[in-house]
Amino acid sequence: MALRSDADWLSLNQQVIDEFRANGGRCGGPFEGNPMVLLTTTGARSGLPRISPVTYTTDGDRWVLIASKAGADHHPAWYHNLVAHPEVVLEVGTERFAARARVAEEPERSRLYAERVAVMPRFDGYRQSTDRTIPVVVIERV
């Protein structure tokens, strides 16, 4: 599916959200086998709740999200939202809880990104397809 517009992304996101919740946190198709969370942020401008399915890795008891938007030249909306409002809600499997997000700084950012590439090699391609530095977000339960 070629994602050309924000409406395409929203439609795909809703399908993944529905599948995630119907299957206890598991998704099929292109996301099969990838660990996924549902990230609820507060809209940076709207103040409304926004839900985004995002792949993750862990670092100890923290969740690590990569704001790659599949190598697009701009950050995903969820990234802007959590920068403005770092209090988030995370759904992992069937569990839902409050958490706090922060953007990783160097050298932590590079270490966490390299660890993601080691288990999900496509993230190296995302890095190569854009000139922006792709942010890494660390989420901790509160």
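Here are my entries, roughly in the order I looked things up.

**Ground rules.** I am working with a predicted model, where local features need pLDDT of at least 70 and side-chain atom pairs count only at pLDDT 80 or more, while totals for chains, interfaces and linings use all residues. I number residues from 1 along each chain as its sequence is written, and side-chain values use heavy atoms, with hydrogens and water left out.

**The sheet.** I began with the strands (DSSP runs of E, at least two residues; helices are runs of H or I, at least four residues; both are numbered from the N terminus). Two strands pair if DSSP finds at least two bridges between them. I found seven strands in an open sheet, ordered β2-β1-β5-β6-β7-β4-β3, with antiparallel pairing. The edges are β2 and β3 (57–59), each of which pairs on one side only. From one strand to the next, the twist averages 35 degrees.

**Some pairings.** I looked up β1 and β5, which pair over four bridges, and saw Leu38 opposite Glu91 in β5. Between β5 and β6 there are six bridges, and Val89 stands opposite Ala98 in β6. The hairpin of these two strands has two residues between them, and Gly93 takes a positive phi near 60 degrees there. β4 and β7 also pair over four bridges, with Ile66 facing Val136 in β7.

**Helices on the sheet.** I checked two helices for contact (heavy atoms within 4.5 Å) and for angle (0 to 180 degrees between N-to-C directions of axes fitted to C-alpha atoms, for helices over the stretch in contact). Helix α2 (residues 77–84) lies across β1, β2, β4, β5, β6 and β7, at about 55 degrees to β1. Helix α3 (residues 108–119) lies across β2, β3, β4, β6 and β7, at about 80 degrees to β4.

**Which residues of α2 are buried?** I count as buried anything under 20% relative accessible area, as exposed anything over 50%, and as partly exposed what is in between (1.4 Å probe, protein chains only). In α2 the buried ones are Trp78, Tyr79, Asn81 and Leu82. They are on the same side of α2, because they cover an arc of only 160 degrees around the axis, taken from the directions from the helix axis to the C-beta atoms.

**The cores.** A nonpolar core is a set of buried Ala, Val, Leu, Ile, Met, Phe, Trp, Tyr and Cys residues joined through side-chain atoms within 4.5 Å. The largest has 18 residues, and Leu39, Leu65, Trp78 and Ile139 have the most contacts inside it. Apart from it lies another core of twelve residues, among them Val64, Met120, Tyr126 and Val138.

**Salt bridges.** I searched for a side-chain nitrogen of Lys or Arg within 4 Å of a carboxyl oxygen of Asp or Glu, and the whole structure gave eleven salt bridges. Asp59 and Arg62 meet at 2.3 Å, N to O. Asp59 is buried at 17%, and Arg62 is buried at 13%. Asp59 also bridges to Arg111 at 3.1 Å. Asp59 lies in strand β3 and Arg111 in helix α3, so this pair ties together parts 52 residues apart in sequence. Arg62 bridges to Glu108 at 3.0 Å, linking strand β4 to helix α3 across 46 residues. I noted that Asp59, Arg62, Arg102, Glu108, Arg111 and Glu115 are linked in a network of salt bridges.
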